[in-house]
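Have the sequence and the 3D view open as you read.

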Amino acid sequence: MKRPERVAVIGVGILGASVGWNLCRHGAKVVFIDAGRPGEGVTNWSFSWVNASNKTTRKYYFDLNVAGMAAYRELARTIGPDSWWYPSGHLRWADDPAEESKLLKTAEQLANWDYPAEVFTGAEVCRRLEPALTIPSDVPVVFYPDEAWVHGRHLVSRLVGQAVASGAELRSGTAVCDIETGADGSIQKVALSDGSFLDVNIVVNAAGPSASHVAELIARHLPMRREPGAVTRIDCAQVPVRRAMHAPHIEIRPDGDASVVLHSREIDALIDTGEDPAQLARLLHESARQVVPDLGNARIAQTRVAHRPIPADGFPSVGAVPSAPGYYEAVSHSGITLGPVIGRLLAAEILSGKRSEMLADFRPERFPP
C-alpha cells in the first residue's frame, strides 16, 4: 500500500471517524475537520440500529450491511466494546394484518439468506425478553438476535481519540469553505472558515447532510434527498427496555443507563407541516408509553430534527471521483450500520488504488456531472 501525503477527512461522524481511524492504522497522515464537534451531528441523532433486516430491496446492499455487522464485531474485539457496543438483538412487530404479513414474509426471506430470525408470540417476548412491554399475547414478534444498537457519539470519540494519539490532527468548530485544485483537477489545499489553509492531496467527503455542499466546492453535483427525522431522548430513573425495537408507530431503544431514544416515521411526516419540535417529542413520548407503560413517568430531555444524509437513489456514494483526482466520497444513509465496513474498504481504496468489489454498485460516478 502507498501512503498519501496528507488526508483531510471532512465531517467527523461515524463514517468520517471510521475512514480516518483506518487510514491512521496504516500510517497515513490524517486531519479530521468538523464544523461542530466529532460525533455530535447526525451520528448522535440517529436511531443507531445496526442491522441488515431493513435492507432487503437489493441483495448487494443487504450483503454490504451484513458485512457492516461483521465489521462491528471485529471492531469491538479490536478497541473494546465498553460504552458504545450493545449487541442485544432487535424486536419488531405490527398491529395491522397487512404489515404483519409483510413482516413475517421478510423474516422468511432473511432466513433463506441465512440471516438469523426467530418468531415469538407477544406473551413469549414479555416473559423471556422484555417484561416491561405491553404486547397482545398472540401477536407474532420477530426477533433478530444478531442485531445491535450503538452509542455513536462514544464510538466516534474512541476512534478519533485513538487516531489523534497515533498522530492525526483534529480541527473542530471550523468548516471547509473552499477546496483548491491544480490544473489537472487534483486536490491541493483546503481553506477553513477560521482563515487557515491546509496542504492536502486527498479529501474524503464524509460531511453527511452537508456533503452536497462540499462536493460543489470541486464543481461536482451530488444529488441528495431531503428526509428530516425527529429523535427524542427521555430520561428515566431506570431504563425499562434492554434492546432496540420497532413497535407499531414507534421505535424505542436504550441509550445508556438512564436514557431512552424514541423515533417514528409517522411523526417525521409531521415535520414539514410546521409542527413544533416540542410537540413532536410529546407525541413520541405518548406513543412510547403505550408500549412501555414504565416510560410514562420519564422526562423529555432533548429533541432534535436532523437531516439524513441520503444520496438521491437511496444508496451509498463511496469511493473516488475520477474527474477530481484525490477526492473521495463516504456519504450514506445507515451510516451507523455501514461505518466500520465503509471505513475499512474506503481506506484500503485510498491507500492501494484498488476498489473493493463490495463497493462496485455504489460508485460516485453513477451521478453525472
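Q: Why is S83 called partly exposed?
A: The relative accessible area of S83 is 35%. Buried means under 20%, exposed over 50%, and partly exposed in between (1.4 Å probe, protein chains only), so S83 with its 35% counts as partly exposed. S83 sits in the loop between α2 and β4 (85–86); helices (H or I, at least four residues) and strands (E, at least two) are DSSP runs, numbered from the N terminus. Phi of S83 is near 75°, a positive value in a residue other than glycine.

A word on the basis: this is a predicted model, where local features need pLDDT of at least 70 and side-chain atom pairs count only at pLDDT 80 or more, while totals for chains, interfaces and linings use all residues. Residues are numbered from 1 along each chain as its sequence is written, and side-chain values use heavy atoms, with hydrogens and water left out.

Q: What makes S334 count as buried?
A: S334 has 14% relative accessibility, so by the cut-off it is buried. Its place is the loop between β20 and α9 (335–352), and S334 too has a positive phi, of about 60°, although it is not a glycine. Most residues other than glycine have a negative phi.

Q: How do you know that A324 is buried?
A: The relative accessible area of A324 is 5%, so A324 is buried. This residue lies in the loop between β19 (317–320) and β20 (327–331). A324 touches G185 and I218, not counting residues up to four places away in sequence; contact means heavy atoms within 4.5 Å.

Q: What makes a set of residues a nonpolar core, and which members touch the most others in the largest one?
A: A nonpolar core is a set of buried Ala, Val, Leu, Ile, Met, Phe, Trp, Tyr and Cys residues joined through side-chain atoms within 4.5 Å. The largest has 59 residues, and L23, V30, Y72, W84, L155 and V204 touch the most other members. Helix α2 (residues 59–79) gives the largest share of this core, 10 residues. Another core, of 32 residues, lies apart from it and has C126, F143, I252 and I271 among its members.
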